[in-house]
Amino acid sequence: MATLRWGILGCGDVAEHKGGPPLYTVNDSELIAVMRRDRVKAESFAERHGAKRVYTDVDALLADDELNAIYIATPPYLHCEQTLRTARAGKHVLCEKPMAMTVEECQRMVDACHDANVTLMLAYYRNFYPNIVKMKALMDEGAIGDVVLAKINHTGFYNPNRHDLKNWRVNRDISGGGVLMDLGSHRISLLQYLMGNIESVQGYAETVHLDINVDDSTVFTLRFENGTHAVANINWNVGISIDDVEVYGTKGCLRCSPLNSGHLTLETKSEGLVEMHQNPLPHTHTGLVEDFVNHLKTGEPIRCSGESGLQTNTIIAEIM
């Protein structure tokens, strides 16, 4: 029997292409049921992904005794309430990012899952990219000496008028914010994984160019508990796409450029430039689900815990 028997709450685009397939392709994980208010769309999703049952009501999904975990793939304004209800139903939670609308909501989610003795994991899937995992391993091995600095440069142009884009991302009441909540949350979580717990932050999240009521540009600096630093810019208003992660040490530098390519370089004075390539995961959320299964089997901590997600939202709130 599968260790994880999943129900999906909100089977839209994210579940279709990112989070859904790993629920049934990872060992010891099985997709049992899906929920969407539109029954026709829910049945179509279930047929494509092999789910046994379809629901159009949240409570009906949560009452399914065969399920022991729920993947919450709804917009951010629903995350807190749905996580609380899932915890009360005694089921583990994999929640999409950003974690919730406010730090207070995040704390309620952490407390509810703790009280119910269920695991809460956040879908910060980039922390499991093989090139990022390799970068972290090389950092820990001392390949670049003592780590002192990380840099994030992530740019692109978001056109909210494109017919194929979901405009809820620029509706603060649904998304909680703009580029900082949507893309910045991923990079802050990534920096937590690479560099450790964050001690302080300074920065800006503002509308610089686009005609939207949320931020299209954010720039911030972080200081970590171990004394190291990070600088980051994340933009919806730049005409070219860049997605680079760099870590600097006393002996050299590690770069993932672009982040989702599997590419990784190590540059030191003694060795020069060494290029490496890590094969991408089959699906973006594969590493998340594998880590969840391992956690339930072994008791080892998960990488993207509710507590780490709470810290991510705390940093976002301080920048905003």
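**A tour of the salt bridges**

Select helix α3 (residues 39-49) and find Glu43 and Arg39, which both lie in this helix, four residues apart, about one turn of the helix. Keep in mind as you look around that this is a predicted model. The side chains of Glu43 and Arg39 meet here in a salt bridge, at 3.6 Å from N to O. Glu43 is partly exposed, with a relative accessible area of 40%, and Arg39 also counts as partly exposed, at 40%.

Next, select Asp64 and Arg53. Their closest N and O atoms are 2.8 Å apart, and the two form a salt bridge. Asp64 sits in the loop between α4 (58-62) and β4 (69-72), while Arg53 belongs to strand β3 (residues 53-55), so this pair ties together parts that are 11 residues apart in sequence. Is Asp64 buried or exposed? Asp64 is buried, with a relative accessible area of 6%, whereas Arg53 is partly exposed at 27%.

For the last stop, select Lys297 and Asp28. This salt bridge has its closest N and O atoms 2.2 Å apart. Lys297 lies in helix α10 (residues 286-298) and Asp28 in the loop between α2 (22-25) and β2 (29-35), so the pair ties together parts that are 269 residues apart in sequence. Lys297 is exposed, with a relative accessible area of 51%; Asp28 is partly exposed, at 30%.

Terms used: Residues are numbered from 1 along each chain as its sequence is written. This is a predicted model: local features need pLDDT of at least 70, side-chain atom pairs count only at pLDDT 80 or more; totals for chains, interfaces and linings use all residues. Side-chain values use heavy atoms; hydrogens and water are left out. A salt bridge is a side-chain nitrogen of Lys or Arg within 4 Å of a carboxyl oxygen of Asp or Glu. Helices (H or I, at least four residues) and strands (E, at least two) are DSSP runs, numbered from the N terminus. Buried means under 20% relative accessible area, exposed over 50%, partly exposed in between (1.4 Å probe, protein chains only).
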